Amino acid sequence: MGKIIKTFNSSSLLVPFVSILLGLLTGAVFMLAGGYNPIAAYGSLINRIFSSPYNMGETIRAITPLIFTGIAVAFAFRTGLFNIGVEGQFMMGMTGATLVGVLADLPWFIHAPLAVITGAVFGGVWAAIAGYLKAARGVNEVISAIMLNWIALFLSNFLIVRFVVVEGQQKSKPIRESAMVKMDWLVQALDSARMHWGTVVALVCVVIFYLILWRTKLGYELRAVGLSPEAAHYAGMNVKRTMVKSMFISGLFAGLGGVFEMLGVFGYQTVMAATWGYGFDGIAVALLGGNTPVGVFLGAVLFGGLNYGSAGMSFGADVPPEVVRIVIGAIIFFVASHGIVKWMLKPFLMKRANNRKEAA
Amino acid sequence: MDRNKSVVQLKGITKRFGSFVANDAINLELKKGEIHALLGENGAGKSTLMNVLFGLYQPEEGEIWINGEKKIVDGASKAIELGIGMVHQHFKLVQPFTVAENIILGNEPKKGMNIDYKYANNKVREISERYRLKVDPEVRIQDITVGMQQRVEILKTLYRGAEIVIFDEPTAVLTVQEIEELIEIIRNLAAEGKSIIIITHKLKEVMSLANTVTVIRRGRVIRSLDIKETNENQLAELMVGRDVTFTVDKHKQEPGEVVLSVEDLQMKGEQGKLAVDGMTFHVRAGEVLGIAGVDGNGQSELIYGITGMRHISGGSVKLNGQDLTNHSPRQVSVAGVGHIPEDRHKHGLVLDFSVSENMILGSYFNKQFGSGGFIDYKAMDEFSQKLVNEFDVRGSGITAAARSLSGGNQQKAIIAREMNKNPDLLIAVQPTRGLDIGAIEYVHKRIVQARNEGKAILLVSFELDELYALSDRIAVMYEGRLMGEVDVEHRNDQQLGLLMSGNQAGEKE
């Protein structure tokens, strides 16, 4: 476990960069094996993202939830916890926002913030359950969080069907306009791409992520517990309470991700057969970004872009968009097994070191 | 037997780790039946050299000659094949296996498809009798003492036909009596014609045991000497590179008020047994109470109990009359207890934090380091820089990770932090473990200085020399109980040793 966390917290720039290249190469190999043209495929992927204002806007929309889930996972990692339950917390966030958005009838300046906060707290509490079980009973947070993901899925469906369902359909009533947080002027400017304030909040959260961890006493405690629970205990920190706090904050970020998918993008919630996968992608984003604020942001941009652009591959080069999942999978593989990457880089690095020696 | 025949010759061994030269053109000669001590401070390169000989590292330069032939030792199995055995500092034994099973592990005698246990047991008995190593081959490792486990390690090397046996810091974990027994065993081995290399930094052992000593400093051989031509002081000087004073300047002083009082303390251990079983003692201002005992007799638990790091199941802890029983580590610290922990890597420091961040580990919550929940990094850095200067913590600055400091400087950083709290009670557990002589001197000086300033000091140590050098009183702990106090004026290792092994009679002798 400690080793996994260490891998995630490593902050070298080289490994992620090389991993991305290797991931794209792996994807290319698979495309070649399937008789496709990888250059045309990647070309149409990039083309799709930048082809129109609408597509650029939609790419940003696809990136936004990944920023939230990425920092959620990264935040917990910094405290030595593997929050694999971001998926479920994301969903609880959606549900909290939908319930308030549909049921309450308030002026917009109260309604929207209330829906956002409710969703965030739903996510935070959901994560804190796993944190509490770990602190109080020693239950491994990975196990409990995975189970809580399933509970979140069915609990969400139950709440939607019980309280806000449209009779005879598998979806909720529309969220009231007063709770929606679309950026109407930008939606118009970008040919009705679904732009919303969540993107701005996501960027603010990246900054908050940094401020909490590296500027506050709480962050000092969180990092101390993450790096060495024993030393934190010796120093008089309440390790268990810190774990619960960390999970709660992580869950807030995850919940916000779900909130804005509802209030900013869809405007209603469906009864789901499976989870969306943003939470799991968040793990990949955090891993690629080395759990640093900027890294997570860039990781979200990459994965969000790949995901959204992949539809263009089938369009422009007749390549099945699932190939992008191979690319993402390969990137994660190479980042996680950074030993392999370093081993492959060794000849180049040695040469550079030698050159430097000769120059000196 | 030709005593002048050389069995091992290391010629110009150089081993580098990156740009760091651990061994620099080292030459060493081991003769048959000789006991050769490899003396040096921590980090001098002794263990690296022996790992090269045992095939765990490959040297960049140099040659290894065994019995007059040049050999390449690429792996431990090759070393064993060449008749080299190593007794590691940390034993590599399978706890639930029997002695014989551990010894034959990796080289099992077979009878058809099955392991021939009868043969194994007999063989082990035969070797143990031949070299006078008393062990029962059929008991489990988990049921025998540390000294016995070490004998099993020695038997393991002999079973595999070792002619050259390397001991890495063999006495670090032993009691006084066990050390005597070990010295006897090593002498027997040498008398039987085995050649022995002992890695150590303890001068007394070198003087009483070795025939030849090679002093290593910063990866280089300083000198090889016949033991008859040298003495402790000269060896210390060679080892450190300057004059060393062994005694700490400590004048007598009358202790003041009782600072720490522990009454009938009880704490649960791992398997339901009491790790601390009814201990009562006091520490007064301006005195050092030393707790002697073999590792694992409840010392760690006792300290965790006093400092609030572990639950106390009975009895009480009071500081200056104020009850601290089962208070949190934060409350205990704020009440005036400084704690130099036993394991500086695990407890004392967050290794991946900067030196600066580590300096405020016990005080970050104070107003001094920022208000409104934020940390004032400038105040932190100024504070840390002051402490680093005052306590002479050397490294690459306060922004460097604590991990990057040497052991001695890590310990200095901890001492700086704990002393700066100006505690009424200072608890020091194994404060010089793994430090070199220079750093030991410094730590001892600081502890005595704190005592002279009127602080109460509780010292837990496994090193008798350290206890005698620092303590005003020495109490002996055995299986969670106090066995009694010994006289610090008239040192009597025999009596202390008996108490440490749970023999109450030690008191009367």
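Colleague: In which helix of chain A does A:G264 lie?

Modeller: Please bear in mind that this is a predicted model. The helix in question covers residues 239-266 of chain A, and A:G264 falls within that range.

Colleague: Is A:G264 buried or exposed?

Modeller: A residue counts as buried if 20 or more other C-beta atoms lie within 10 Å of its own. For A:G264, 24 other C-beta atoms are found within 10 Å, so A:G264 is buried.

Colleague: What separates the C-alpha atoms of A:G264 and A:G198?

Modeller: Leaving aside residues up to four places away in sequence, A:G264 touches A:V181, A:K182, A:H196, A:W197 and A:G198. Along the chain, A:G264 and A:G198 are 66 residues apart. Their C-alpha atoms are separated by 6.8 Å.

Colleague: At roughly what angle do the axes of α6(A) and α12(A) cross?

Modeller: Two packed helices are described by the angle and the distance between their axes. Helix α6 of chain A spans residues 108-137, and its axis comes within 6 Å of that of α12(A). The crossing is right-handed. The angle is roughly 145 degrees.

Colleague: Which helix gives the most to the side of chain A that touches chain B?

Modeller: In the contact between the chains, 14 residues of chain A meet 22 residues of chain B. On the chain A side, α10 (217-227) and α11 (229-234) each supply at least two residues. The most, five residues, comes from α10(A).

Colleague: Which strands stand at the edges of the six-stranded open sheet in chain B?

Modeller: The strand order is β6-β9-β10-β3-β11-β12, with mixed pairing. An edge strand here has a single partner, so one of its sides is left without a neighbour in the sheet. The strands at the edges are β6 (84-87) and β12 (220-226) of chain B.

Colleague: Which residue in β12(B) is the bridge partner of B:T214?

Modeller: Strand β11 of chain B, residues 212-217, pairs with β12(B) in the antiparallel sense over six bridges. The bridge partner of B:T214 in β12(B) is B:S224.

Key:
Residues numbered from 1 in each chain as written. Chains lettered and ligands numbered in written order. Predicted model: local features only at pLDDT ≥ 70, side-chain atom pairs only at ≥ 80, totals over all residues. Helix = DSSP H or I, 4+ residues; strand = E, 2+ residues; numbered from the N terminus. Buried ≥ 20, exposed ≤ 12 C-beta atoms within 10 Å, placed from the backbone. Contact = placed C-beta atoms within 7 Å. Axes fitted to C-alpha atoms, helices over the stretch in contact; angles between N-to-C directions. Left-handed = near helix turned anticlockwise from the far one by under 90°. Pairing = 2+ DSSP bridges.
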